[in-house]
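Biologist: I would like to go through the packing of aromatic and nonpolar side chains in this model. Could you bring it up?

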Amino acid sequence: MKKVLSLFSILLLWCTVSVKAQDAQNTQNLREPRVWFDLQIAQSFGFNNWNRVKFASDRLPRTSSTDLRATFNIYLFRPVGFFCDMGIGIMPAPRDGFSEPDAQATLSSGIPYYTKEITVENGSRTASGHFKMTFGLFGKIPATEKISVSPYFGIGFMSMTAPTCEAILKEQDTNMQYMARYQWFGQDEYDNEYDNSSTSLGYLAFRLRFTYRVSPKLNLLFGAEYTWFPDRADFSETYTNYFNRNIVKTIRHEGNRLNMLGLSLGISF
């Protein structure tokens, strides 16, 4: 009889605990909204340069970014949801946004040149803002009553203004002159319009976000993230005989795939 009572007591206790746990989970689900917004600031640093050619990398923004973004989150079915964020990435000024092209021409040909005239110049000496948009899926995993972990995976794009440079170079100690044209991101070699030199770079984003619940309507966010750009910062240099307009040489340099690692901080509501 005592064994039966003991077994009955254990069973009753287990049922009570299970009901309370289920009630707590249901209460948590009721408290947690299906839709919410995030505001975040993230700082990312690049592992590599845009291109192996120094002249090509020096005229592009440095490979780090301070991102300000707003994110829309919605559960598709708990604990999996969809997110979409938009924001601005601020990248530091190029190392030398108006570097002289004669050094690059000398390096490529082995013949010393000097710059006689810059005919087209589109570069920058200041920090620049780039529009960013990312969308994808996330999962939310409760760790404690107040802390949860959310892996995010998304695809996105970043706007970019491609620099351009065209110059007249003179071969030292001779009368030979060449028109040199330098282009980034696969611009049309024969396109003479320099005002439409904007491009978009795609990327993949992997983010791990930790959420700390301050109140039912406010959470603190801490995160780490990795961004990979499959698009390369290709660079080309074309040299044309100044007198007869014949193309003497065109060299194309394949760019690097940029990798960035960062940390983020924010709030959700």
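Biologist: Is Phe 138 buried or exposed?

Modeller: In this predicted model, Phe 138 has a relative accessible area of 3%, which is under 20%, so Phe 138 counts as buried.

Biologist: And which residues are in the aromatic cluster with Phe 138?

Modeller: The cluster consists of Trp 36, Tyr 75, Phe 83, Phe 138 and Tyr 152.

Biologist: What is the geometry between Trp 36 and Phe 138?

Modeller: Their rings are edge-to-face, at 5.6 Å centre to centre and with 75 degrees between the planes. The pair links distant parts of the chain, as Trp 36 lies in strand E1 (residues 35-46) and Phe 138 in strand E5 (residues 128-139), 102 residues apart. Both Trp 36 and Phe 138 are buried.

Biologist: How accessible is Tyr 75?

Modeller: Tyr 75 has a relative accessible area of 3%, so this residue is buried.

Biologist: How many aromatic pairs are found in the whole structure?

Modeller: The search finds 20 aromatic pairs.

Biologist: Let us change topic to the largest nonpolar core. Which of its members touch the most other members?

Modeller: That core has 28 residues, and those touching the most other members are Trp 50, Met 158, Leu 169, Tyr 182, Trp 184 and Phe 185. The elements giving two or more residues to this core include helix H2 (54-58), strand E7 (147-161) and strand E10 (198-215). Strand E9 gives the most, with 4 residues.

Biologist: What does Met 158 touch, leaving out residues up to four places away in sequence?

Modeller: Among the residues that Met 158 touches are Trp 50, Met 91, Phe 131, Leu 201, Tyr 203 and Phe 229, and also Lys 132 and His 130.

Biologist: And which residues does the second core include?

Modeller: This second, separate core has 5 residues, including Trp 36, Tyr 75, Phe 83 and Phe 138.

How values were computed
Residues are numbered from 1 along each chain as its sequence is written. This is a predicted model: local features need pLDDT of at least 70, side-chain atom pairs count only at pLDDT 80 or more; totals for chains, interfaces and linings use all residues. Side-chain values use heavy atoms; hydrogens and water are left out. A nonpolar core is a set of buried Ala, Val, Leu, Ile, Met, Phe, Trp, Tyr and Cys residues joined through side-chain atoms within 4.5 Å. Buried means under 20% relative accessible area, exposed over 50%, partly exposed in between (1.4 Å probe, protein chains only). Contact means heavy atoms within 4.5 Å. Rings of Phe, Tyr and Trp (its six-membered ring) pair if their centres lie within 6.5 Å; planes under 30 degrees apart count as stacked, over 60 as edge-to-face and the rest as tilted.
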